Amino acid sequence: MKAIYKREVQSFFNSMMGWVFIAALTVFIGIYFMAYNLLGGVPYFSTALANVLFIFMVLVPILTMRTMAEERHSKTDQLLLTSPATVTGVILGMYLALLTVFAVPMLLSCLCPLIIKLNGTAFLLADYASIFAFFLLGAVEIAIGLLISALTESQIIAAVGTFFILLMLYLWDGLVGYLPATAVGSLVGLFVLLIIICLLLNALSNNWTISLYTLLIGAAALIGFYIRNNALYKGLMAKVLGKFSPLAAFKSFANDHVFDISGALLYVSLIALLIFLTVQVLQKRRWN
Amino acid sequence: MIEVKNLVKRYGNHYAVDHLSFTVEDGQIFGFLGPNGAGKTTTMSIMTGYLAATEGEVIIEGHNILEEPEEAKKCIGYLPELPPLYPDMTVAEYLRFVAELKRLPREERENQISKVISLTHLEDMTNRLIKNLSKGYKQRVGLAQAILGFPKIIILDEPTVGLDPKQVVEVRDLIRHLSKEHTVILSSHILSEIRAVCDHILIIRHGKFVACDTPEKLEEAMSAHNALDLQVRGTTEEVEKILLSLTGVTSHTLTAHEDGTVTAQVFSVSDIREALFFAFADARRPLLEIKPQMASLEEVFLDLTDDTASSGAALAAEETPDPAAEETAAEKEEHSDESHL
């Protein structure tokens, strides 16, 4: 893991990729910092961060597209996967290298609250908590990029796929608002979700009996609850999906200045889940 | 020691490897031989743990490659078909990375790296970026990577592809050198390559086991014992008369030469060498040479890996319009069928 981490970090800084990412993120954070805090007079650095979120959609795919897709394309994954390192070690090494590159602009932006402090009142705790949440959110998005990159051999497909998913996440709250609020609508929506989960389970475990049982039990539970109390289902779909809104947690940090522990935990568990899925994708490829 | 037991790799309905079993003993130079697409690379990928088998198991030095991958992989150095190189690293950086990846003890790393660099003659290239190296040098860096740390088992997938003849000889020497202390497994579809270095050959076709033995035994097993080449002093009439008097001769072809000798190809149902000797001795015709027709490894290979065995036999019959030739072809076919089992 350490060897892969070192090699990846070195490769990011030997090629343009790492520098371009760092420069672009720093410049955009800087522009919003200047516009909101320095010229606009807003004392919270977190406001600038909240407005610069969209830049992840462009920069994260550029950073992550190369990782696993390129390894596979140039067959260097054969070296990594036939070495004594475990698959988890390989993925973690790569992920930590990505986080290291991402940490550089984040460390630079840690100066911004201090600059505000020099010029008047600053809310250091709230701002640093927001930077922390911003880093976690970025880490989730990088994990998504890594997963997509592991799915394909083509860097372009990896970049476009990651961009598309990040765009969906960015629009998540808005899209959830369009979901049907009726009880039947929620039931159908939850069914679709259940089927998607079972398909994913089937793809990962290659064991269709388990997936089928999960589907049947899940369906029985959904219908059972529906018959008992269908008022519960009113707007349930939107509520459930709303809970998973990836931006909501960051917004409670940045806009409401709350240290949202459950939100931070959501990010960490999403990262763990995505890393797990990436490892499974690599393991699974050996069996196909 | 490597044990491969009943290995199957299936892609949909296509069997890339089909119930393959063999054992590689310590210290052997073991060659995989088969036409393109025979399943050599797939088998190697499974042996090194890059791919998982559909069925069957691979046991490396007592460690199952799927159950104890880390232990098993520590014993293996692998050069895939395409050397796994990072173009943006220098040769030295790359080898340092591989040394760390293979978890060599820190204090031994530099020493080991300089050893493999001198073995693969990369001394002048250590500070060059890999992307600027020629194909031959890239192959050598791949080879250096595989032997780094001197694992017990070294698996090389077509190690001499893309090398010039001088480099090919160097690589062969290197393989022989390595075989003193290591088990070396290599694959090739080029016969002379395998013949030159290997002491054991596994022939596969369509992922199936065809034969596995030393090159000499393979040649011997496939030789047509009942086909003899004779050289006799005399005329064709005399020789023909003697041959016809012998029981067991099914057919013969005779060629007279200007120096008063006749060469004959004799096909028989059984071993008639002694009877031949006495018959010619009784007729006072000097028998200058009796030679069983030996199949060269090339012929063995072509015969064993022939896709359409029946059409192959028909082709052989066409070329030599001789009933015996057809018979021997059929016998060979039978033999290769036996070795499947």
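Among contacts in chain A between residues at least 6 apart in sequence, 78% link residues at least 24 apart. The corresponding share in chain B, for residues 24 or more positions apart among contacts with a separation of 6 or more, is 68%. The model is predicted. Chain A consists of 15 helices and zero strands, whereas chain B has 13 helices and 14 strands.

**Chain A overall**

- The C-alpha trace of chain A spans about 60 × 50 × 30 Å along its principal axes.
- Chain A has 288 residues, and buried residues make up 36% of them.

**Helix packing in chain A: H1 and H7**

- Helix H1 (residues 2-14) of chain A packs against helix H7 (residues 87-109) of chain A at an angle of about 40°, and the two axes are 8 Å apart.
- The crossing of H1(A) and H7(A) is right-handed.
- H1(A) contributes A:Ile4, A:Tyr5, A:Glu8, A:Val9 and A:Phe12 to the contact, and H7(A) contributes A:Val90, A:Gly93, A:Met94, A:Leu96, A:Ala97, A:Thr100 and A:Val101.
- By residue class, the contact of H1(A) with H7(A) has nine nonpolar, two polar and one charged.

**Helix packing in chain A: H9 and H10**

- Helix H9 (residues 124-151) of chain A and helix H10 (residues 155-177) of chain A have axes that come within 9 Å and cross at roughly 140°.
- H9(A) and H10(A) are therefore oblique to each other, since angles over 145 degrees would be needed to count as roughly antiparallel.
- The crossing of H9(A) and H10(A) is right-handed.
- On the H9(A) side the contact residues are A:Glu141, A:Ile144, A:Gly145, A:Ile148 and A:Ser149, and they meet A:Ala158, A:Gly161, A:Thr162, A:Ile165 and A:Leu166 of H10(A).
- The residues of the contact of H9(A) with H10(A) comprise five nonpolar, four polar and one charged.

**Chain B: the six-stranded sheet**

- Of the 341 residues of chain B, 40% are counted as buried.
- Six strands of chain B form an open sheet with mixed pairing, in the order S6-S7-S8-S3-S9-S10.
- S6 and strand S10 (208-213) of chain B are the edge strands, each with a single partner strand, so one side of each has no neighbour in the sheet.
- From one strand to the next, the twist averages 15°.
- Strand S9 (residues 200-205) of chain B runs antiparallel to S10(B), and five bridges join them.
- B:Ile204 has B:Phe209 as its bridge partner in S10(B).
- Helix H1 (residues 40-47) of chain B packs on this sheet and touches strand S3 (29-33), strand S7 (153-157), strand S8 (183-188) and S9 of chain B.
- The direction of this helix makes about 150° with that of S7(B).

- Strand S1 (residues 2-11) of chain B pairs with strand S4 (residues 55-60) of chain B in the antiparallel sense over five bridges.
- The bridge partner of B:Val4 in S4(B) is B:Val58.
- S4(B) also pairs in the antiparallel sense with strand S5 (residues 63-64) of chain B, over two bridges.
- S4(B) and S5(B) form a hairpin with two residues between them, and B:Glu61 in the turn has a positive phi of about 50°.

**B:Ile59**

- B:Ile59 lies in strand S4 of chain B, and B:Asn64 in S5(B) stands opposite B:Ile59.
- B:Ile59 counts as partly exposed because 17 C-beta neighbours lie inside 10 Å, while a buried residue needs 20 or more.
- Leaving out residues up to four places away in sequence, B:Ile59 touches B:Glu3 and B:Asn64.
- B:Ile59 and B:Ile2 are 57 residues apart in sequence, and their C-alpha atoms are 5.7 Å apart in space.

**Interface between the chains**

- In the contact between the chains, 21 residues of chain B meet 18 residues of chain A.
- On the chain B side, the elements that give two or more residues are helix H2 (69-74), strand S6 (76-79) and helix H3 (91-101) of chain B.
- The residues of chain B that touch chain A divide into twelve nonpolar, two polar and seven charged.

Technical notes. Residues numbered from 1 in each chain as written. Chains lettered and ligands numbered in written order. Predicted model: local features only at pLDDT ≥ 70, side-chain atom pairs only at ≥ 80, totals over all residues. Axes fitted to C-alpha atoms, helices over the stretch in contact; angles between N-to-C directions. Helix = DSSP H or I, 4+ residues; strand = E, 2+ residues; numbered from the N terminus. Parallel < 35°, antiparallel > 145°, perpendicular 65-115°, else oblique. Left-handed = near helix turned anticlockwise from the far one by under 90°. Contact = placed C-beta atoms within 7 Å. Nonpolar A, V, L, I, M, F, W, Y, C, P; charged D, E, K, R; others polar. Pairing = 2+ DSSP bridges. Buried ≥ 20, exposed ≤ 12 C-beta atoms within 10 Å, placed from the backbone.
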